[in-house]
Amino acid sequence: MRVAALIPFWESYETNQFRIKKIAGRFLMSYAVEKLNSVNLINDIYVYSSSKRVSNYIEPNLKYTYLNRSKSLDNDKASIESIISSFLKEVEVEVDVVVLLHPTSPFLKVDSITKALNLVINGECDSSFSAVKYSKFAWLNSKPINYDLNNDVPSLKSINPIYFEQSSLYVFKTLQFLKNNHRLSGDIKLTEINRLEGLEIRNKVDFELAELIINSGMSEVI
């Protein structure tokens with residue numbers, strides 16, 4: 001079984017300013033590639049971009065393969081499914097399992113990537129994704145979704161938790177993707193990560209918070 005990791009990189013994207021800005025002396029791309037280098041189950045690591053300038057944001061000692069893609073996919077309206085489909089058509093090796101990692105989460109642990117990958121490789125599911133658990137009162141469209149206003153307010157320990165898709169890590173079987181054209185399909189299992197792992201760098205506040213965490217030594221980043 002051949003496992004390929006895919007890191008898509010947009011030359012022009014709304015969050016690109018943070019992807020090409022150093023956090024505690026390193027680029028987000030370096031954090032992402034380094035993590036994948038530490039996952040023994042991954043055979044190949046591909047950075048999929050329309051510009052080789054992406055190499056400027058990855059430390060030279062890290063192992064990966066640059067794969068050029070069409071600039072038409074740099075459009076922010078291009079779906080992630082179209083990018084994955086294009087990647088699978090252009091990659092020169094036959095890929096059985098894809099590890100899709102967006103370079104936005106410097107605190108995501110190697111163990112979490114490995115856990116999600118093992119779920120798919122071992123046949124426990126067809127696809128898995130990183131998710132953060134919240135045992136909080138949750139609402140959607142002005143209505144509570146995990147408790148009833150007509151009854152006594154339950155304790156936080158007794159309510160059904162809500163899991164938020166973390167939007168950084170997805171692992172899926174190639175055949176399942178080709179069948180359903182979605183990174184999550186078939187038998188799906190989430191891989192729970194903690195809130196620190198789930199921090200994504202998508203705006204200035206996220207960036208400043210991540211830099212504070214790293215510089216304070218609160219979290220080991222690998």
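In which loop does Leu 149 lie? After that, please stay with Arg 26: which residues does Arg 26 touch?

Guide: This is a predicted model, in which local features need pLDDT of at least 70 and side-chain atom pairs pLDDT 80 or more, while totals for chains, interfaces and linings use all residues. Numbering starts from 1 along each chain as its sequence is written, and side-chain values use heavy atoms, without hydrogens or water.

Leu 149 lies in the loop between strand S7 (143-144) and strand S8 (162-173); helices (H or I, at least four residues) and strands (E, at least two) are DSSP runs numbered from the N terminus. Leu 149 counts as exposed because its relative accessibility is 55%, where exposed means over 50%, buried under 20% and partly exposed in between (1.4 Å probe, protein chains only). Leu 149 belongs to a nonpolar surface patch together with Phe 137, Trp 139, Val 153 and Leu 156. The accessible area of these residues together is about 510 Å², by the Shrake-Rupley method with a 1.4 Å probe and only the protein chains shown as cover. Patch residues have over 30% relative accessible area and no salt bridge, with nonpolar side chains (Val, Leu, Ile, Met, Phe, Trp, Tyr) joined within 5 Å and like charges within 9 Å.

Now to Arg 26. Its place is in the loop between helix H1 (16-19) and helix H2 (28-37). Arg 26 is buried because its relative accessible area is 17%. Leaving aside residues up to four places away in sequence, Arg 26 touches Lys 21, Tyr 31, Glu 34 and Glu 59, a contact being heavy atoms within 4.5 Å. Two of these contacts, with Glu 34 and with Glu 59, are also salt bridges (a side-chain nitrogen of Lys or Arg within 4 Å of a carboxyl oxygen of Asp or Glu).

In the salt bridge with Glu 34, the closest N and O atoms are 3.1 Å apart. Glu 34 is partly exposed, because its relative accessible area is 21%. In the salt bridge between Arg 26 and Glu 59, the N to O value is 2.7 Å. This pair links distant parts of the chain, since Arg 26 is in the loop between H1 and H2, Glu 59 is in the loop between strand S2 (44-49) and strand S3 (65-68), and they are 33 residues apart. Glu 59, at 24% relative accessible area, is partly exposed.

The structure holds seven salt bridges. Another of them joins Lys 173 and Asp 126, with the closest N and O atoms 3.2 Å apart. Here too distant parts of the chain are linked: Lys 173 is in strand S8, Asp 126 in the loop between helix H4 (110-121) and strand S5 (127-134), and 47 residues separate them. Lys 173 is partly exposed at 25% relative accessible area, whereas Asp 126 counts as buried at 16% relative accessibility. As for networks, salt bridges that share partners join Arg 26, Glu 34 and Glu 59 into one.

H2 itself is largely enclosed by the rest of the structure, because eight of its 10 residues are buried. The buried residues of H2 are Leu 28, Met 29, Ser 30, Tyr 31, Ala 32, Val 33, Lys 35 and Leu 36. Of these, Lys 35 is 9.4 Å from Asp 111 in space, C-alpha to C-alpha, although the two are 76 residues apart in sequence. Asp 111 is placed in helix H4 and is exposed, because its relative accessible area is 61%.
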